[in-house]
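Subject: Structure handover and findings

Hello,

Here is the structure we talked about. Please look it over, then read the notes below.

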Amino acid sequence: MYGNEYIAPKDIGEALDVLERHPNAKIIAGGTDLLVQMRHRMIEPELIVDVGRLPFDSILVDHEKVTIGSGVSHAQIGNSDLLQEHFPILVQASQLVGGPSIRNRSTLGGNLMNASPAADTIPPLLAYDAEVVIAGKNGSRTLPLSQFYTGYRQTKLAAGEILEAVQLPLPSASTTAHFIKHGNRRSLYIAVLNVAVRISLSASGAVENSRIALGCVGPTVFLAKAAEAQLQGKLIDEPTILAAAQCAEEESTPISDLRASGDYRSNIVAVLVRRALTEAAGELLGKGH
Amino acid sequence: MMAKQTISLTVNAQSAVVEVEPGKTLLRVLREDMGLTSAKEGCGQGDCGSCVVVMDDESVNSCLVLAAQAQGSQVVTLEGLEQNGQLHPLQEHFAKEWGFQCGYCTSGMLMSCYDLLNHNSQPSREEITEAISGNLCRCTNYRAIIDAVEIAAAELHKSEQD
Amino acid sequence: MSDFTVIGKRTPAKGHRDIITGHAKYTTDFYSADMLVGRLLYTQHPCARVLNIDTSKALEIPGVIAVLTGKDVPGENSYDLYATDQPLMIEVGGCVRYQGDAVAAVAAKDEATAQAALDAIEVEYEQLEGLYDVFAAVEPKAKQVWPERSNTLSHNFSQQGDVEAGFAEADIIIENTYQTQLMEHAYLEPEGAVSMYDENGIMMVYAGCQAPHRDRRQVARSLGVAESQVRVVVPYVGGAFGGKDETHVQIHAALLTQATGKPVRLIRSREESIRAHVKRHPITVKHKLGATKDGKLTAIKVEGYADGGPYANMTSQVMEVFIIHASGPYFVPNSRVDAYAVITNNPAGGAFRGFGMPQAQFASERQMDELARQLNMDPVELRLLNGIQTGQKKATGVTALDASGMRNTMKEAIALSGYDKRHELSREPAPHLRRGWGIASIMQGYLLGPKVVDDAYMGLEMHIDGSVTLRCGVVDYGQGSHTVLAQIAAETLGVSLDDVHVIRPDTDKTLEAGSACAARVTHICGHAVLRTAKPIIDSLMKIAVDLTGANEYELALKNGQLFKDDQLTEYQMTDLVKGARAKRYLLSHTGYFSAEYPEGIFDETVFDNPCAFYTYATKIAQVLVDIETGELTVEKLTLVQDAGRILNPDGARGQSEGGTAMGFGYAVMEEIIVDQGRSKNNSLESYLIPTAKDVPEIITKFLDTQSDYGPYGGRAVSEGPVVPTAPAIANAVRDAVGVSINTIPVTAERLMEALDKKNKGV
């Protein structure tokens, strides 16, 4: 039982007005994070603004990008053939959030705005060079997801703004990706370590660019730039992969918590990055690269 | 405590109108305001699945849905599965196969399975396992539940074909 | 032996219709318009003196109807189980001794107001240094948790033969220390109670519990009223597994009803439940075993230290069962087992399915595994060599009754699990994976022992229409007890199972049948049903003889029909009942049974309260270890039990499978993490139990046997399945990767650490 005021604006203008007038209001989408935090009295907002009626629930594609509304549920992502075709590890990660009934309600926007370093969808989104579209009183703005998180559970969303959508550029044909969520149980679990990798090859078969996104080993999900640099311009082979994996471990700063110790997380970063890269590389071989 | 709101929704195919604080959970509204106590509160925060009901054709943790969010929705609870004294095949086979012991997870479990069969009439054992992966059961090892769903699905599928 | 009509047949559970339609009422499902919300204020500190409690601000809040503290309890401000040391609410001047101690109780018109009341109660604590380590607690110079008693609540032991001589005789000695963890019941329904005055002014308490008559005594004692003024009714219960054996919030709810005159619902949140209720004891087991080079056990010396929290609860009783099972199902001529129940300021320990057996036999089966390795002996052969035989004395001096199950379950499990064909499966299915196999052979002793009152009343009424009412005072919380007892009644009286109506436990309607614990229900309550049914079936058979002119041995009653020489006669149950009524033959009865043991099997010089009856079981685990991450996948668990005649196949299978799943959780993922007396993972998100995607393939089987002692030849089935799981899995890990994990759960971290040490040659 949550003793708060509640409003469900029907359009974005109304929503932005409400947020302007009530700077301490909290946005609810699927409620699967917010209500848990409220139950533990971590936050006690006087006003809850339900964005569930706003038109943010579509998945759209054009010739260069896919746009996923912030109100799209993880279940919808899981069922999307379009997303499976272009962004398979986003689909995979979405299907590992919570459990089936949680996924029917929890939204992509909610996962991003909860801003946990253990979020499942952020590593794949970073791997796919996602951008966030933010709605505000002065119109929409877009910025790379890789710049969105400034610290532990801190984002660049300003007061009065709402996350509207996520945009993903369509990957090249010679792109593969792999995602590993490692945890203490096989369903209804928060990750101990998340690894998302994407490799795109140039015509010569060398790595044109790659992304290695790590979750649960820093205050935010982040791209392991030094590890990526190990792959840049190279032909993928075992030593290259091992070098990248080793770098990834060195870039990680895990803490100890109830789920795992920092040492354990450190110890498995290189293993899982290596495995993810090996799988992705193997898939490229399978595609004939 | 703020003012109550009028929430209208459909529950088990019947119109329902309740006056509740908008911040009350759907779970509590069903149990306290509508006398539908099948959905249970095992944890209050989406960790156990005991509160699962079907809302607008998808399974949801009713402890994480605010009453106000259910405005205009179609909700099905376990009480709604029996039609004119006829048990749903899921219910029948849960009984025959001992798909429950203490029964506390059973309401949420049955509703997750009901949702599954509404979207997938011939689920594999893996798909059934996936569908109940958000419902904790402490009494069984889930095997009897999966057996019951398999049998019920086959029966439903056959009767649809006939 | 003729086939039975109801016994041993597949039949849905009693109450199934209520459950599958959602109409079954559990404690939280009782609502009324004038019902108040009750809540308890728990201590902020695990170890502190209470200097002051100021409830004045709480009482000023509109809608707060009552705020009670310990001084307001009209009767005794304590629980009353094996001791009266646990207060209901800690009073000013008293000490809170663990995180689950309550200091106040409130009743308010709704949840928010009740919470506001809790927030407004001001408690002044003087934090004290607590004792959070068992070995620190037993140090001679240790600070005492209680001023008036030692931190060693009890020290019990069994001793047989000459342990020193036994070790001297041994060619090999295996000595290790094992550690088990604090385990949470995690039943889906948290504890709660709903109390109200009924129309006769009787205090009625609905509660999911295991011992309603015992709870009634406690409620009356604290309310300061006669027992007859209290009624406890047990609705459907959402799981218990021992966690609802002790009285939990029933007394507090009743106190609030007494103070307000109103119905009160006092339901613990999941977090409150995990904080406050009893758990499985962590036990440190120091196990020393001696054997000849041929593998014959010569001696064991075992010490068990149980961390029981601050109160007596059931710790000494758990340690009795620990003693009974410390040897495992083996013949050991010389043994000494010392069991210490230790007091600390950690979360409280209590009854939990297995009750000391899992901890004791984790150690004993790991030890046997080590012994086999060091002797380079087949682990199966080693166990078969030492398995207790019928007629031999167990380590607690009791003579083993039919012990053939020890060997027969082993032989069956080996074939059923594929263990005998394990060489056909790769040990290294991938570069980072290793496969291994582990065995555990255990015994499950049941009943409360000869020194304890272990009895039950049952009631049966035969109605004119040929149906039967079974008044059943023992609780069914999902383990199927009502179904089995109804089956026994139906078979004995010759009616169909559907014709037996079970009245669920209600101290107004059903006599005391003891707690649903110690796997005693089928045996004790089943025999009570037989005793109750006997005079009734005698009445009916006398009429049957009169009506047919046949001899009694030619007649049989099945599903309400009378058969002569297996041919249907014209007579129905209704005819027999009518006839019996006319002749004033007894048709309703209350029967009583108290545990009976064969003459001369106990040896009190060794140990005074052993189990007489045992279910033997063997479990085989097949596992995969990821050597780079420590991730453990249990591929398959196979369990074979010798549980005598299986009275209900689905029910028994459910106990086997469910107990195995619980044992699996205990083995690999479950642990309440405690830091300075505070549990850290108080939710089902942070305390992990197996989901449908986690449980391994579980194969279970019962041998086709009969017990000479159980009703219809049945033995206990419900606790045993948990017990061999952790040792079988730990033994399989040892087989897969060569590391000994002697502390459970076997988490990925623990496994990685062990692998790292091994790789570094540490």
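**Helix packing in chain C**

Helix H16 (residues 649-668) and helix H17 (residues 725-737) of chain C pack at an angle of about 50°, with axes 8 Å apart. Axes here are lines fitted to C-alpha atoms, for helices over the stretch in contact, and angles run from 0 to 180 degrees between N-to-C directions. Helices (H or I, at least four residues) and strands (E, at least two) are DSSP runs, numbered from the N terminus. H16(C) and H17(C) are therefore oblique to each other. The scheme: under 35 degrees is roughly parallel, over 145 roughly antiparallel, 65 to 115 roughly perpendicular, and the rest oblique. H16(C) passes H17(C) in a right-handed crossing. A crossing is right-handed if the near helix is turned clockwise from the far one by less than a right angle, and left-handed if anticlockwise.

From H16(C), the contact uses C:Thr660, C:Gly663, C:Phe664, C:Tyr666, C:Ala667 and C:Val668. They meet C:Thr725, C:Ala726 and C:Ile729 in H17(C). Two residues are in contact if their C-beta atoms, placed from the backbone, lie within 7 Å. The contact of H16(C) with H17(C) has six nonpolar residues, three polar and no charged. Ala, Val, Leu, Ile, Met, Phe, Trp, Tyr, Cys and Pro count as nonpolar, Asp, Glu, Lys and Arg as charged, and the others, Gly among them, as polar.

**Model and numbering**

This is a predicted model: local features need pLDDT of at least 70, side-chain atom pairs count only at pLDDT 80 or more, and totals for chains, interfaces and linings use all residues. Residues are numbered from 1 along each chain as its sequence is written, while chains are lettered from A and ligands numbered from 1 in the order in which they are written. The predictor gives the complex an ipTM of 0.98 and a pTM of 0.98. Chain C averages a pLDDT (the predictor's confidence in each residue, from 0 to 100) of 97, and 100% of its residues score at least 70.

**Chain C: domains and the face to chain B**

Chain C is divided into domain 1 (16-23 + 455-594), domain 2 (31-128 + 191-267) and domain 3 (283-449 + 601-759). Domain bounds come from an automatic or database domain assignment. The C-alpha centres of domains 1 and 2 of chain C lie 39 Å apart. Their contact takes 13 residues from domain 1 of chain C and 17 residues from domain 2 of chain C. The domain 1 side has five nonpolar, four polar and four charged residues.

**Chain B: domains and the face to chain A**

Chain B has domain 1 (5-80) and domain 2 (89-161). Their C-alpha centres lie 21 Å apart. Contact links 15 residues of domain 1 of chain B with 13 residues of domain 2 of chain B. Strand E3 (52-55) and strand E4 (58-61) of chain B each give two or more residues to the domain 1 side. E3(B) has the largest share, three residues. That side holds seven nonpolar, five polar and three charged residues.

What does chain B present to chain A? The interface has 28 residues of chain B in contact with 23 residues of chain A. E4 and helix H4 (125-131) of chain B give two or more residues to it. The largest share of the chain B side, four residues, comes from E4(B). By class, the chain B side has 10 nonpolar, 12 polar and six charged residues.

**Helix H2 of chain B and its partners**

The axes of helix H2 (residues 89-96) and helix H5 (residues 143-161) of chain B come within 8 Å and cross at roughly 140°. H2(B) and H5(B) are therefore oblique to each other. Their crossing is right-handed. B:Leu90 and B:Phe94 are among the H2(B) residues in this contact.

H2(B) also packs against helix H3 (residues 106-119) of chain B, at about 130° with axes 10 Å apart. B:Leu90, B:Gln91 and B:Phe94 in H2(B) meet B:Thr106, B:Leu110, B:Cys113 and B:Tyr114 in H3(B).

Best wishes
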